[in-house]
Amino acid sequence: MKEAGAAVSIERLRSRIASLGRIGAIGATSASRPAMSALDAQARETVRSWMEEAGMKARVDAFGNLIGRMEGMEDGPVLMLGSHIDTQPNAGLYDGVAGVVGAIEAVQLLRDSGEPPQGPVEVAVFSDEEGCRFDKGLFGSRGLAGRLEEGELDRTDAQGVTRREALLTFGGDPGRFAEDACSPGAVKAYLELHIEQGPVLESLNASCGLVTGISGPLWWTVELRGFAGHAGSVPMAMRRDALAGAAAVIAGLQELLRGEEGSPAVGTVGSLHVYPNSRNVIPERVRFTVDLRDMDMSRRGRLERRLRLLIADKAADNGLEWDLVVDTDSEPRYCDPDLMAAVREAAAEAGLPLPELMSGPFHDALAMSHVCPYAMIFIRSRDGISHNPLEYSSPEDIAAGTELLARTLMRLAARPPYGEGGRRDGNRQAEKL
Ligand SMILES: [Zn+2]
């Protein structure tokens, strides 16, 4: 095996990220490329030319995913790398893009090594990962994984354009969904390189990290109900102030999650509605959301019980009634132990420290985890900032992540496509090798 590290071209990575940044640019450090828009299509054509340069044959599937393919010595299950290039409005230049550019670079290095892969290798640029245009993300990866839901094509954007119309203009084809969705076993492994979008790697002074899994969020809507009254006349001891109760719950949640029992789980109250929301009326009703995420489901269960007790306590203290609706309760999706071991070996070979961390945000890997084993490599984000023009990862860090991806790819590509026998993936998917 040739030295992948020596061959990663920082300059090529940097110039390609800059090229995509100019498509839909808003100033020097920001771009907006709404999913399945003309700008997204233009960016996709640019990426297609890079895929071809790296020796891949590119196609667009029924879900609007751009997929580059390098054939292997034999046919068989695909080794897939991927990420996305659509953006949030006024986004930074690295979310998704670093992973796509890094994946193409990794395939280029595999090709330059002169050792053809044993089985086929593909790079997927998934359509509509961000989900902001039609208010539901991971479209392309969920499509490929056979996980689209009823009515998805009828969702409309702010201009009244349906997803079906946008997809057809973008080269997709709803008539071929069943044909293009991949069956379990068709993808042997999925690897995704992505910026962290959080501050953990920076705090550990590491350029890259190995993801242990994507945490499943628990989402609640909580309502506290008291009694409205004149802010000037009702004595404090006689009030049933719903906002005072909510404030106590929020403070208690912070204390719990920041304490030993909570870490490294994260909890957030991100939305609060106060009724009637007037300066001289005691708040009668407050509705707020809770977002709780953890990789460890037994800890998450304990925290969930503690939070329910906390709400009951603070409601009682303030004379409030309460109820709680569970909006979402998803399980974490764990990275595959065997693929994680391959990334660790690649890091040891490259002499790179590789701390491990969970992913709070969703990625295309989440959808892919339902059809194949997966692993993810994170690249350090400056100040942990993302979805913002201040988002930044250094070319050196992106090159380090790309080197890890390339070395991992080369290890996996040297294995026969049907495997060396019984391998289990972290999510206990039945996998035929
Ligand atoms: Zn992303």
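Helices (H or I, at least four residues) and strands (E, at least two) are DSSP runs, numbered from the N terminus. The model is a predicted one, in which local features need pLDDT of at least 70 and side-chain atom pairs count only at pLDDT 80 or more, while totals for chains, interfaces and linings use all residues. Residues are numbered from 1 along each chain as its sequence is written, and side-chain values use heavy atoms, with hydrogens and water left out.

The chain is assigned domain 1 (4–214 + 332–413) and domain 2 (216–329); such bounds come from an automatic or database domain assignment. A distance of 37 Å separates the C-alpha centres of domain 1 and domain 2. Where the domains meet, eight residues of domain 2 are in contact with ten residues of domain 1, contact being defined as heavy atoms within 4.5 Å.

Empty space may be considered next. Rolling a probe the size of a water molecule over the atoms shows where empty space is left. On a 1 Å grid over the protein atoms alone, a cavity is a set of points where a 1.4 Å probe fits but cannot get out, whereas a pocket is an open set with protein on both sides within 12 Å along at least five of seven lines; lining residues have an atom within 4 Å of a point. Grid points are joined across faces, edges and corners, and a volume is the space filled by probe spheres set on the points.

By class, the lining of the largest pocket has eight nonpolar, twelve polar and ten charged residues. In this classification Ala, Val, Leu, Ile, Met, Phe, Trp, Tyr, Cys and Pro count as nonpolar, Asp, Glu, Lys and Arg as charged, and the others, Gly among them, as polar.

The second largest pocket holds about 340 Å³. Of its 13 lining residues, Glu196, Val200, Val266, Met358 and Gly360 are closest to the centre. Nine nonpolar, three polar and one charged residues make up the lining of the second largest pocket. Both domain 1 (4–214 + 332–413) and domain 2 (216–329) supply residues to this lining, so the second largest pocket also lies between them.

How many cavities of 30 Å³ or more does a search of the whole structure find? The search finds three. The largest cavity has a volume of about 60 Å³. Its lining consists of 15 residues, with Arg33, Thr87, Gly92, Leu93 and Asp95 nearest the centre, and helix H2 (residues 10–22) gives the largest share, three residues. The second largest cavity has a volume of about 50 Å³. Among the residues that line the second largest cavity are Asp40, Arg44, Asp86, Phe126 and Asp128. Helix H3 (38–53) and strand E4 (121–126) are the elements that give two or more residues to the lining of the second largest cavity.

The packed interior comes next. A nonpolar core is a set of buried Ala, Val, Leu, Ile, Met, Phe, Trp, Tyr and Cys residues joined through side-chain atoms within 4.5 Å. Buried means under 20% relative accessible area, exposed over 50%, and partly exposed in between (1.4 Å probe, protein chains only). The largest nonpolar core has 84 residues, and those with the most contacts inside it include Leu20, Val47, Met80 and Met368. Leaving out residues up to four places away in sequence, methionine 368 touches Met80, Phe126, Ser141, Leu144, Val187 and Tyr190. A second, separate core of 23 residues includes Leu253, Phe288, Leu303 and Leu310.

Is aspartate 397 buried or exposed? With a relative accessible area of 8%, aspartate 397 is buried. Aspartate 397 belongs to helix H13 (residues 395–413). Aspartate 75, by contrast, counts as exposed because its relative accessibility is 55%; this residue lies in the loop between strand E2 (66–70) and strand E3 (78–84). Although aspartate 75 and tyrosine 418 are 343 residues apart in sequence, they are 9.4 Å apart in space, C-alpha to C-alpha.
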